[in-house]
Amino acid sequence: MAGLRLAAVAFHLCLLLSPTSSLRRLYHEAETESTPGHGGSRTAYHFQPANNWQNVIFRCIVWTGPMYHNGMYHFFYQYNPHGATWGNGNLSWGHSVSVDLINWTALDTALDPDSPFDANGCWSGSATILPDGLPAMLYTGIDAAGNQVQNVAFPKNASDPLLREWVKPDYNPVIPLPKDVVHDSFRDPSTAWRGRDGLWRVAIAAKVNVTVGSTLVYRSKDFRRWERNAAPLYETLAAGMVECPDLFPVAKPGAQNGLDYAPSNGAARHVLKLSVMATLQDYYVVGLYDDTADTFNLAGADNDCRTWRRIDYGHVYASKSFFDARKNRRVLWGWANESDTEADYIARGWSGVQTVPRKIWLDSGGKQLLQWPIKEIETLRKKRVGLLGTKVNSGGVNEIIGVAGSQADVEVVFKIPTLEGAENIEPNELLDPQKLCGNNGASMRGSIGPFGLLLLASGDLQEHTSVFFRVFKHGAKYKVLMCTDLTRSTTRSDVYKPSYGGFVDMDIEKTKSISLRTLIDHSVVESFGGGGRTCITARVYPEHAEMSNSHLYMFNNGTTMVKVSKLEAWELATANVNAAGHG
């Protein structure tokens, strides 16, 4: 690819963050201490601990959510305070607080494995706000015998705005291991909700009778004594163990407001999201939840959850949503673990990040979720470049000049003048978009596409990550394929470098255009195609980033010229993310 054709003039935007007084002091103290360097791959605005291993979580996001409580967001995550790897699984809960979901201050661990019912680790869980405003956390503990059991914890001092200390009642576990469930496959209690009968419900992942992946529902009057519902919320033989269940209501199609779990919210539809261990992918379906029988109607979808829509078609697992009462929205977060080597984790001293928080809502068709970075991300925008009405000719590579290529937010709208000549696609190719992207990478000449962005690119383009679209014809219809190609993302041979892909559910014949937004943060690339219809997250480790700047380009390797009706790119400031720990 050659022929750099684009130059743009940058101007500055000054955006100031204004944390509330309760956190201003903590932010100031963190800024005065040494902030961990990027080391090439450390992120600038994605959530991650200052050091050591985190996953919210290896098994599932350790939520209170983040929980929004009394004007502050709390994020709890499964954390190894002793090293940058999973270790022996004897994990604690890390705890960070924020006023804006972007800047975070680390506190001391909230839960540690110091009781018989969690002696071998405090694993996954969720937070629930009780009617009196008291937060309660249900979490999985690995007990002294190695069994997974469900416990509860409460704040020691509910008036503390930072909720720094938590207590675990002696009556734990509140839900012991059932006799028909495999001892190491009973975990991930969801946020609890109340039905119209006033009883609390919680969903828990389990493997029943050795082979049946199940989502069990338990009911309680008092949040202490729980009884299992006779019917599971979901069960599967085909998919194996399904974990990290997330059941939540959605507003009417097209409405962007979020809903909480209250039975009076009028939600006609619910979303059930599950994480499948065998594929390490998250799947969801829109259906109907019956809060009398505590069952879920799949609304015609296949019972094998691996055929459902994906939350993210890239490197994301164990996603979890929460209702943000402050902004009346539902927000989703997912875990993007490392894909280089364990030796790299140890050398860096840290491992594991979260995706940016995403606002999610039901599209106008009522069948899929739309996902978009929360508005607060835009407070990090500073330098901007923009252009209107340009084009990228066949074989063109146009550099976007004026923003740092390793820390940026790029929005572009591509206009396709004609769909004539679109390549045909076979029915069996529709079943595996990732394979289709692998066989038709950015360097493979096409008709309509590949066109898109080259990110984190070295000056000689020997290293680059490509995010692009291709348009195929299937019968009388057209299919838009979105790909993130990592095969040339680094010259290292010991890094996982796949091609990721998913179809974008849209009518390209009607719109003749498609949008792309990509967030670039050193070793993380998050892309949102078609207004958030398809999302792909990737972890990348370009070697040139240690020594030189990264470049950003638009490209078109199709025979058909594409227009760029709009492009805006911003350099992003560095957020304050757990720069120092405070108790």
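For the classification of lining residues, Ala, Val, Leu, Ile, Met, Phe, Trp, Tyr, Cys and Pro are taken as nonpolar, Asp, Glu, Lys and Arg as charged, and the others, Gly among them, as polar. On these terms, the lining of the largest cavity in this predicted model is made up of nine nonpolar, two polar and one charged residue.

The residues concerned are Phe248, Pro249, Val250, Ala251, Ala255, Asn257, Gly258, Leu259, Arg330, Ile360, Trp361 and Leu362. Two strands, β16 (242–250) and β25 (358–362), each provide at least two residues of this lining. The volume of the largest cavity is about 50 Å³, and three cavities of 30 Å³ or more are counted in the model.

The largest pocket holds about 1,000 Å³ of space. Its lining comprises 36 residues, and those nearest the centre of the pocket are Thr307, Trp308, Arg309, Tyr313 and Phe503. Two or more lining residues come from each of the strands β18 (281–290), β20 (309–310), β34 (477–485) and β35 (499–504), and likewise from the helices α3 (433–439) and α4 (508–511). By residue class, the lining of the largest pocket divides into 18 nonpolar, 12 charged and six polar residues.

These spaces occur within a protein chain that contains 41 strands and four helices. Of the 583 residues in the chain, 60% are buried. Among contacts between residues at least 6 apart in sequence, 67% link residues that are at least 24 apart. The accessible surface of the chain amounts to about 21,700 Å², with carbon and sulfur atoms accounting for 49% of this area.

The side chain of Asn103 lies 2.8 Å from the backbone nitrogen of Asn576.

Key: Residues are numbered from 1 along each chain as its sequence is written. This is a predicted model: local features need pLDDT of at least 70, side-chain atom pairs count only at pLDDT 80 or more; totals for chains, interfaces and linings use all residues. Side-chain values use heavy atoms; hydrogens and water are left out. On a 1 Å grid over the protein atoms alone, a cavity is a set of points where a 1.4 Å probe fits but cannot get out, and a pocket is an open set with protein on both sides within 12 Å along at least five of seven lines; lining residues have an atom within 4 Å of a point. Grid points are joined across faces, edges and corners, and a volume is the space filled by probe spheres set on the points. Buried means under 20% relative accessible area, exposed over 50%, partly exposed in between (1.4 Å probe, protein chains only). Contact means heavy atoms within 4.5 Å. Accessible areas come from the Shrake-Rupley method with a 1.4 Å probe; for residues, only the protein chains shown count as cover. A polar contact is a pair of N or O atoms within 3.5 Å; within protein, one must be able to donate a hydrogen and the other to accept it, and residues adjacent in sequence count only if both atoms are side-chain atoms.
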